[in-house]
Amino acid sequence: MAPSESHSERPPRPGRRKGRRSGSRPGSRGTGRPSRSGPGSLVGTEYEVEVGPVAHGGFCVARHEGRVVFVRHALPGERVRVRVTEGRPADRFLRADAVEVLDASPDRVVPPCPYAGPGRCGGCDWQHATLDAQRELKAAVLVEQLRRLAGLDRQPVVEAVPGATDGSGWRTRVRFAVDPTGRAGLRRHRSHDVEPLDACLIAAPAVNTSGVLSAAWPRGAEIAVTVPAAGTGDVVVSPVADQRVVETVDGREFSVPADGFWQVHPAAATVLTRAVTEALAPRPGETLLDLYAGSGLFAGMLAPSVAPGPVVAVESDAAAVAAARDNLADVPGARVIEAGVDAALLAEVGPADLVVLDPPRTGAGREVVDGVAALAPRRIAYVACDPAALARDLAYFAERGYALVGLRAFDLFPHTHHLEAVATLEPTAEQVT
C-alpha cells in the first residue's frame, strides 16, 4: 500500500453515540457538508486525480486545481476518475466517488458485496481493499490524529481479531431503514435514500436469515435486529419493550437491553476486557471506577481482580443502569450510579485507584478528563472508537499530568473505517490535580 503522509485537510464530522456507530444506525448522514446541488453545482462533474493519503472517515485526500477533494472508493497512490457528489465552485472542498480506476493500487480487490460501490450502500468504506491494507489504512489514520491533535509520535498496529477470514458476518446489531416500496435495507452514503438488500455481507448470519430483509414493512420505518454477539437467546426484532439478550464473556453472563449498547463484533467484549485488564494491572483491594459503564461489562469482568476493593459504575441510560445492577448483583459492595459522568465525578465519586472509561464517539471531553485526573488514579484505561476524540482527550490528560504509556488498536469493524483502541495512562511527576 502506498504510504500515507500527514495532512490537515478534513471535512467537519458530527459526533455520534457509540452504540449507534457500531452497527445499529441505518446509514450515513452528516453535517457541515458542501452543497449537493443548485445553481453552479459541480455534482456530476468528473475529474482525473492522483489519490493522496487516507483521511479519517473512510476516504482519501486528492487535489484538483489546488482544491481538496475527499474521494471514496479509492486507495492511496491510485490514479482515478472521480465524479463529484457534493460541492460548488466556491466550496473549499469537494466530495467525490472514484468511478474509474486508471492506475490501481496492488492492495485493490473486487468488493465482495454486490451492494458496495459508488452511489450504493453506505455501510462499508473499504471493501475494495485487502483486509491487511484496511488495517494499515486505519493505523495511518490513528497515527496522524495522535500526531496532529496530541503531539504524540506512536506507530500502533491495528490488530486482527478472531472472526471470519474474509471480514464478513460480524455485525450482530443492525438497524435497517425501509424504502418507499416497503423493502428493508441500509442508507446510501450521506443520504436518506435506502439501498434494499437481500443480505448484508458484514451482518451476522442470523441477521440475514431473520426474515427482515424479505418482509414487507411500513414505508419509512426503521427495523433493529439484534443477535447475541457471544451468548444465547433468540434474534430480537425491535421495537420491543423490555426485552434483553444474554451475552457471555469469558464464562460470565451479562443481560443486555436488545436496543442498548453492546459491542457488535462477537469477539469484541472478550478482546477489549482482556486488553483493559492488561492495561490496568489490577491489584486486590483497589478501587475501580467504570465510567460510561453501559450494562456493566468492564466492572463485572474486573471485579474479581480488585476484590475485596469497591467497584463503582457510572451510566446515564436508565435501561443500561437497570441491567448493570442485575449484572453486578453478585459483586459485593458494587455500586451503580445513574448519572451523567461529568455530574457524577463532581458529586458522587471519591478517589479511585483504577479508572476505565468507554465514552461515546465524541469522547470524554475536557470536563470529564479534569474530573478523572482529580481522582488521582494510578492507571487509566481509555477505550476509544474515534481516533480524533481519543487524541484530543489524550492531549487534555497530558495537561493534567497523565502520559500515554500504552496503546493497542483492534480491527473490530472489518470493511468499515472504524477501529477500537485501548490507551493506557499513568501519572507523571508533573501531575496537576
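Analyst: A residue counts as buried under 20% relative accessible area, exposed over 50%, and partly exposed in between, using a 1.4 Å probe and protein chains only. This is a predicted model: local features need pLDDT of at least 70 and side-chain atom pairs count only at pLDDT 80 or more, while totals for chains, interfaces and linings use all residues. Residues are numbered from 1 along each chain as its sequence is written, and side-chain values use heavy atoms, with hydrogens and water left out.

User: Ok, so Ser-295: buried or exposed?

Analyst: Ser-295 is buried, at 4% relative accessibility. You'll find Ser-295 in the loop between S15 and H5. Helices (H or I, at least four residues) and strands (E, at least two) are DSSP runs here, numbered from the N terminus.

User: And what does Ser-295 touch?

Analyst: Contact means heavy atoms within 4.5 Å. Setting aside residues up to four places away in sequence, Ser-295 touches Phe-254, Ser-255, Val-256 and Pro-257, plus Ala-320, Ala-323, Ala-324 and Asn-327.

User: Zooming out, how many helices and strands does the protein chain have?

Analyst: The protein chain has nine helices and 21 strands. Of its 433 residues, 56% are buried. The accessible surface is about 17,000 Å², and 50% of that belongs to carbon and sulfur atoms; those areas come from the Shrake-Rupley method with a 1.4 Å probe, and for residues only the protein chains shown count as cover.

User: What about contacts between residues at least 6 apart in sequence, what share joins residues at least 24 apart?

Analyst: That share is 66% in the protein chain.

User: Now the open sheet of eight strands. What's the order?

Analyst: The order is S6-S20-S21-S19-S18-S15-S16-S17, with mixed pairing. Strand S6 (158-159) and strand S17 (335-338) are the edge strands, each pairing on one side only. Two strands pair if DSSP finds at least two bridges between them.

User: How many bridges join S15 to S16?

Analyst: Four, and the two strands, residues 288-291 for S15 and 311-315 for S16, run parallel. Within that pair, Leu-289 stands opposite Val-312 in S16. Helix H6 (residues 318-327) packs on the sheet and touches S16 and S17, with its direction at about 170 degrees to that of S17. For those angles, axes are lines fitted to C-alpha atoms, for helices over the stretch in contact, and values run from 0 to 180 degrees between N-to-C directions.

User: Which strands does helix H5 lie across?

Analyst: Helix H5 (residues 297-306) lies across S15, S16, strand S18 (354-357) and strand S19 (379-384), and runs at about 175 degrees to S15. In the loop between H5 and S16 sits Pro-308, and a cis peptide bond joins Ala-307 to Pro-308, with omega about 5 degrees.

User: Why is S19 largely enclosed?

Analyst: Because five of its six residues are buried, S19 is largely enclosed by the rest of the structure. Four bridges join S18 to S19 in parallel, with Val-355 opposite Ile-380 in S19. From S18 the chain goes through helix H8 (residues 366-374) to S19, and this β-α-β crossover is right-handed, meaning that with the strands pointing away from the viewer, the path from the first strand over the helix to the second runs clockwise. Five bridges join S19 to S21, and those two run antiparallel; there, Val-383 stands opposite Val-422 in S21.

User: Last one, where does Ala-221 lie?

Analyst: In the loop between helix H3 (205-208) and strand S10 (222-226). Beyond its neighbours within four places in sequence, Ala-221 contacts Phe-176, Ala-177 and Val-178. Ala-221 and Asp-179 are 42 residues apart in sequence and 8.4 Å apart, C-alpha to C-alpha.
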